[in-house]
Amino acid sequence: MIERREFAYFTKQAIYSPNILFIRIEDANKWGFKSLKFIINTPFILGVLINISYSEEYDALKVQEDFAKNLHKNSNRESLWKILTFKRIDGVIADKATDI
């Protein structure tokens with residue numbers, strides 16, 4: 001019988017950092033979304049990275065035309081931050097720990 005060789009080690013404790021919606025400080029009172037679905041039928045433009053799964057909710061919504069029209073897709077997260085700063089989009093979904 002052939003035995004499998006060990007090739008990787010895994011940590012016992014994982015760090016969990018959720019994806020959250022970032023908006024400009026001055027717009028904090030303008031948008032009161034409790035869920036991504038509330039973006040539908042609003043002028044809110046959401047910046048997202050191409051081919052990223054942010055959540056089950058996002059995956060279900062992004063295939064719906066009425067939600068997808070509110071998406072600004074980009075291949076570079078740094079570009080999304082700049083576009084948000086220049087007020088060409090209203091928000092960005094990003095990992096809480098890496099993008100604060």
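Where is the place of Arg24? Arg24 sits in the loop between E1 and E2, in a predicted model. Helices (H or I, at least four residues) and strands (E, at least two) are DSSP runs, numbered from the N terminus. Residues are numbered from 1 along each chain as its sequence is written, and side-chain values use heavy atoms, with hydrogens and water left out. Local features need pLDDT of at least 70 and side-chain atom pairs count only at pLDDT 80 or more, while totals for chains, interfaces and linings use all residues.

**Salt bridges**

- The whole structure contains 6 salt bridges, a salt bridge being a side-chain nitrogen of Lys or Arg within 4 Å of a carboxyl oxygen of Asp or Glu.
- Side chains of opposite charge can pair when their charged atoms come close.
- Arg24, Glu26, Asp27, Lys87 and Asp90 form a network of such bridges.
- Between Arg24 and Asp90, the closest N and O atoms are 3.5 Å apart. Arg24 lies in the loop between strand E1 (19-23) and strand E2 (46-49), and Asp90 in the loop between helix H3 (77-85) and strand E4 (91-95), so the pair ties together parts that are 66 residues apart in sequence.
- Glu26 also bridges to Arg24, at 3.8 Å from N to O.
- Lys62 and Asp59 make a salt bridge at 3.9 Å, N to O.

**Accessibility of the charged residues**

- Arg24 is buried at 11% relative accessible area, and Asp90 is buried at 12%.
- Glu26 is exposed, with 53% relative accessibility.
- In the Lys62 and Asp59 pair, Lys62 is partly exposed at 31% and Asp59 is partly exposed at 27%.

**Surroundings of Arg24**

- The side chain of Arg24 comes to 2.8 Å from the backbone oxygen of Leu84.
- Apart from neighbours within four places in sequence, Arg24 is in contact (heavy atoms within 4.5 Å) with Leu84, Lys87, Ile89 and Asp90.

**Sheet and helix**

- Four strands make an open sheet in the order E1-E4-E2-E3, with mixed pairing; two strands pair if DSSP finds at least two bridges between them.
- The edge strands, each pairing on one side only, are E1 and strand E3 (71-74).
- From one strand to the next, the twist averages 35 degrees.
- E1 and E4 are antiparallel and pair over 5 bridges; Asn19 has Asp95 in E4 as its bridge partner.
- H3 lies across E1, E2, E3 and E4 and runs at about 145 degrees to E4. Axes are lines fitted to C-alpha atoms, for helices over the stretch in contact, and angles run from 0 to 180 degrees between N-to-C directions.

**Nonpolar core**

- A nonpolar core is a set of buried Ala, Val, Leu, Ile, Met, Phe, Trp, Tyr and Cys residues joined through side-chain atoms within 4.5 Å.
- In soluble globular proteins, nonpolar side chains tend to be buried together.
- The largest nonpolar core here has 21 residues, and those with the most contacts inside it are Leu36, Leu46, Val48, Tyr58, Phe67 and Ile93.
- At least two residues of this core come from each of E2, helix H1 (56-61), H3 and E4.
- Leaving aside neighbours within four places in sequence, Ile93 has contacts that include Asn19, Leu21, Leu36, Leu46, Val48 and Tyr58.

Technical notes. Buried means under 20% relative accessible area, exposed over 50%, partly exposed in between (1.4 Å probe, protein chains only). A polar contact is a pair of N or O atoms within 3.5 Å; within protein, one must be able to donate a hydrogen and the other to accept it, and residues adjacent in sequence count only if both atoms are side-chain atoms.
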